[in-house]
Amino acid sequence: MQSPVSFEVDEDGVATLTLNDLARRNALSRDLVGAAIAALDQAERQKRRVVILRAAPGVSIWSSGHDVGELPRAGKDPVEWDDPLRAFVRRIKSLSCPVLALLEGGVWGGGCEVVFACDVIFAAPNVTFAVTPAKLGIPYHITGFPTFMNAMPRKMLNEMLFVGVPIAAERVLSLGMIAAVVPFDRIEAVVLSCARRVVSLAPMAVTALKVGVTTLADVDGAAAPADLEMLEEARRRVFSSPDCYEGLAALQARRPAVFQGREVS
């Protein structure tokens, strides 16, 4: 049986996770999500500095959202539902390196939450976003709302949820929700260029920055003591590493920076 995802690493160390369950339009089934999380775990073990998350080139649907066959039946409390999407979103956010989303086609329902959990988002001109629980007569999982609310203005979220019509990429771009809308013939090159730029930077500093942004966004700036300690620990690791101030030293010496991405042993 073919895996619903593929995971590859190029010669520059850029990892690419491709959703590849075309028959089901990349529905976020337990099988697909489990394979995707396993790939992200592999990227973590390999200490990859960036991951591109995409669907197969040329798709008309990037993801159709939740696998409707796995949705809870009437009468079952969705808050208690063992939703694989929750684990996928948490893993994207907790990954120590940035995740860049490369989008083509429609992004529906829970697929939007996955995308907005990513750190930088690039879209082809045909991309649309739609979140339609009201059309199905179901609520949205309450833990998904912070991801949406951190990604977009409240009124846009209201429109997406209450009206349920697709929102075009250009409009989403105008609200600062994605980085760029890029023509089909250039989007892979643009995303790869961004990924290689991330790889060239100090990895421990990038990790500390991601931890800070993700943690404080999720708690709306009111971090608990444990969250603050985690942020401070990430900072301490950077300050104790050989990479600390390597960029400044390289600038002063007019040479390329050489980042090792490791702590002092």
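What follows is a set of questions and answers on this predicted model.

Visitor: How many residues of β5 are buried?
Guide: Strand β5 covers residues 99-103. The strand is mostly covered. The buried count is five of its five residues.

Visitor: Which residues of β5 are buried on each side?
Guide: Both faces of this strand are covered. One side holds V99, A101 and L103, all buried.

Visitor: Which residue of β5 is the bridge partner of V51?
Guide: Strand β3, residues 51-55, pairs with β5. The pairing is parallel and runs over four bridges. The bridge partner of V51 in β5 is V99.

Visitor: Which strands stand at the edges of the open sheet of four strands?
Guide: The order in this sheet is β4-β6-β8-β9, with mixed pairing. An edge strand here has a single partner strand, so one side is left without a neighbour in the sheet. The two edge strands are β4 (61-63) and β9 (167-168).

Visitor: In β9, which residue is the bridge partner of F129?
Guide: Strand β8 takes in residues 128-130. Two bridges join β8 to β9, and they run antiparallel. The partner of F129 is I167.

Visitor: At what angle does helix α3 run to β6?
Guide: Helix α3 is made of residues 110-117. The helix lies across β4, β6 (106-108) and β8. Its angle to β6 is about 100°.

Visitor: Why is C112 in no disulfide, and how many disulfides does the structure hold?
Guide: A disulfide needs two cysteine sulfur atoms within 2.5 Å. The closest cysteine sulfur to that of C112 is in C118, 12 Å away, which is too far for a bond. C118 is in no disulfide either, with the nearest cysteine sulfur, that of C97, 11 Å away. The number of disulfides in the structure is zero.

Visitor: Is C118 buried or exposed, and what is its relative accessible area?
Guide: Buried means under 20% relative accessible area. C112 is buried, with a value of 0%. C118 is also buried. The relative accessible area of C118 is 7%.

Conventions. Residues are numbered from 1 along each chain as its sequence is written. This is a predicted model: local features need pLDDT of at least 70, side-chain atom pairs count only at pLDDT 80 or more; totals for chains, interfaces and linings use all residues. Side-chain values use heavy atoms; hydrogens and water are left out. Buried means under 20% relative accessible area, exposed over 50%, partly exposed in between (1.4 Å probe, protein chains only). Two strands pair if DSSP finds at least two bridges between them. Contact means heavy atoms within 4.5 Å. Axes are lines fitted to C-alpha atoms, for helices over the stretch in contact, and angles run from 0 to 180 degrees between N-to-C directions.
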